[in-house]
Amino acid sequence: MVRDKTFVVAALRSWSDTEASPGQAMARELAQENRVLYVNPPVDWMALLGGGGNRETERKNRVLRGSEPAIRRAGSSLWVLEPPLVVSSFSKIYSDLVFDLLNRRNGRRFAEVIRWAMAHLGMGEHYLLIENDFYRGLYLKEYLDPELTVYYRRFDLQQVDFWRRHGERLEPRLVRKSDLVVTADVMLAEQVRAYNYDTYAIGRGTDLEGFDPEHRYRKPSPLYGIPRPLIGMTAPLSVMFQSPDLLYRVACAFPRCSLVLVGGEDALFSRHGLHRLNNVFFMGAKADRELPAYVAQFDACISPEARNGHTRASYPDSVVRYLALGKNVVATATDPLLPFGEHLALARSDGHFLELLERALREPPLEGLRRERARFARTFSWHDCVQRLYAVMELVLSEREEEDGCREEELTVN
């Protein structure tokens with residue numbers, strides 16, 4: 001049984017004290033029944049020199065200076081390692097040979113720091129979970145020698161510019177050498193199963209705390225005085241992920257509706273013509289605990305995603321949260337959202353988006369549909385995801401034991 005074990009989670013994103021990443025949520029769930037060391041990615045020279053006021057970079061800097069410990073406790077059986085290490089950044093190097101030499105050097109130094117932290121915490125035999133990072137995680141199996149190496153492919157990083165150049169070579173290599181590959185959906189599994197037979201879709205989770213379809217939420221004070229119907233979105237307003245041009249078309253096509261945008265803006269978004277429209281209301285960034293009350297007030301929810309490598313690589317948690325409250329949802333038809341098709345309206349074009357939104361506003365969901373959407377959203381829990389992870393790990397471990405038993409029998413007979 002995969003319980004009361006030690007997990008080393010090599011994460012794609014650093015541990016955040018303000019906004020939990022998917023890797024962080026999975027680590028917390030694993031720590032309910034195991035000891036977990038969550039390893040932040042090491043800082044590279046470019047980020048260190050240009051980090052400015054970035055909170056994560058400042059913390060890494062303090063660890064490097066020795067003014068803050070490299071290991072901190074995040075739970076009764078959960079620790080976070082901030083590697084006291086600076087690595088080279090060379091993703092733009094075209095030469096495969098040079099890149100691989102430098103990347104192996106980074107991997108060896110990274111593993112040395114992880115081994116030091118494990119020794120400090122008295123950790124020995126362990127399972128290694130690499131969360132999507134096929135650069136920094138490529139050589140960890142060789143240098144850490146875990147009982148089992150699991151590669152969690154949460155999204156297709158090869159669609160993102162930073163990872164694309166060498167990702168086509170390196171991700172298949174990591175998939176092959178891993179003992180088990182798990183993915184966030186079936187499509188991600190099918191893309192790499194040819195490289196490793198032991199590939200399984202286990203899903204992923206979304207934090208739905210506070211999103212209760214039976215609860216009667218108080219109307220947030222910033223919404224008083226804003227005329228209905230309300231078309232709403234709760235997501236960071238970034239041109240990398242959301243299409244401000246499509247939002248502009250929505251506001252113009254529905255002048256009697258109010259477009260309510262909840263989320264912090266990037267610089268490009270803050271200068272867009274959306275700010276000149278009278279029926280667009282910017283609420284700014286809100287804490288997660290405040291979001292359910294906003295979503296509860298929306299007459300229709302939207303996810304007007306830009307069509308690029310970033311949105312092809314991940315689906316927005318906000319969509320799951322809209323469904324958790326049974327809302328009518330209209331979204332751009334990106335690859336990660338295709339499996340959601342039975343529960344929301346997916347638009348093939350901007351014009352189609354407006355047609356679907358008009359229908360969503362005209363036809364409020366029936367109670368049975370609301371409940372079915374809420375039920376579907378609840379399948380995106382980290383608890384269920386980790387339980388499925390345990391099941392496939394136990395399957396691979398049992399198959400390994402059977403193979404070892406067969407080898408022993410052959411040796412005995414010979």
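Contact here means heavy atoms within 4.5 Å.

## Basis of the model

This is a predicted model, in which local features need pLDDT of at least 70, side-chain atom pairs count only at pLDDT 80 or more, and totals for chains, interfaces and linings use all residues. Residues are numbered from 1 along each chain as its sequence is written, and side-chain values use heavy atoms, with hydrogens and water left out.

## Nonpolar cores

Start with isoleucine 302. Leaving out residues up to four places away in sequence, Ile302 touches Ile231, Gly232, Met233, Leu247, Leu259, Tyr322, Val330, Phe353 and Leu357. Ile302 belongs to the largest nonpolar core, which has 56 residues. Leu259, Ile302 and Phe340 touch the most other members of that core. A second, separate core has 40 residues, among them Val87, Ile114, Tyr151 and Phe155.

A nonpolar core is a set of buried Ala, Val, Leu, Ile, Met, Phe, Trp, Tyr and Cys residues joined through side-chain atoms within 4.5 Å. Buried means under 20% relative accessible area, exposed means over 50%, and partly exposed lies in between (1.4 Å probe, protein chains only). In soluble globular proteins, nonpolar side chains tend to be buried together.

## Helix 8 against helix 13

Helices (H or I, at least four residues) and strands (E, at least two) are DSSP runs, numbered from the N terminus. Helix 8 spans residues 244-253 and helix 13 spans residues 350-362. Their axes lie 10 Å apart, at an angle of about 45°. Axes are lines fitted to C-alpha atoms, for helices over the stretch in contact, and angles run from 0 to 180 degrees between N-to-C directions. The two helices are therefore oblique to each other. Angles under 35 degrees count as roughly parallel, over 145 as roughly antiparallel, 65 to 115 as roughly perpendicular and the rest as oblique.

The crossing of helix 8 and helix 13 is right-handed. Right-handed means that the near helix is turned clockwise from the far one by less than a right angle, and left-handed means anticlockwise. Helix 8 brings Leu246, Arg249, Val250 and Ala253. Helix 13 meets them with Asp350, Gly351, Phe353, Leu354 and Leu357. By class, this contact has six nonpolar, one polar and two charged residues. Ala, Val, Leu, Ile, Met, Phe, Trp, Tyr, Cys and Pro count as nonpolar, Asp, Glu, Lys and Arg as charged, and the others, Gly among them, as polar.

## Helix 4 against helix 6

The axes of helix 4 (residues 96-120) and helix 6 (residues 161-177) come within 12 Å and cross at roughly 50°. That makes helix 4 oblique to helix 6. Their crossing is right-handed.

Asp96, Phe99, Asp100 and Asn103 in helix 4 meet His166, Arg169, Leu170 and Arg173 in helix 6. The residues of this contact divide into two nonpolar, two polar and four charged.

## Backbone exceptions

Most residues other than glycine have a negative phi, and most peptide bonds are trans. Asparagine 132 has a positive phi, near 70°. Asn132 sits in the loop between strand 7 (127-131) and helix 5 (140-144). Asn132 is buried, at 0% relative accessibility. Aspartate 145 also has a positive phi, near 50°. Asp145 lies in the loop between helix 5 and strand 8 (148-153), and is exposed at 63% relative accessibility.

A cis peptide bond joins arginine 228 and proline 229, with omega about 0°. Pro229 lies in the loop between strand 10 (199-201) and strand 11 (230-234).

## Serine 318

Serine 318 lies in helix 12 (residues 317-324). Ser318 is buried, with a relative accessible area of 9%. Apart from neighbours within four places in sequence, Ser318 is in contact with Thr234 and Ala235.
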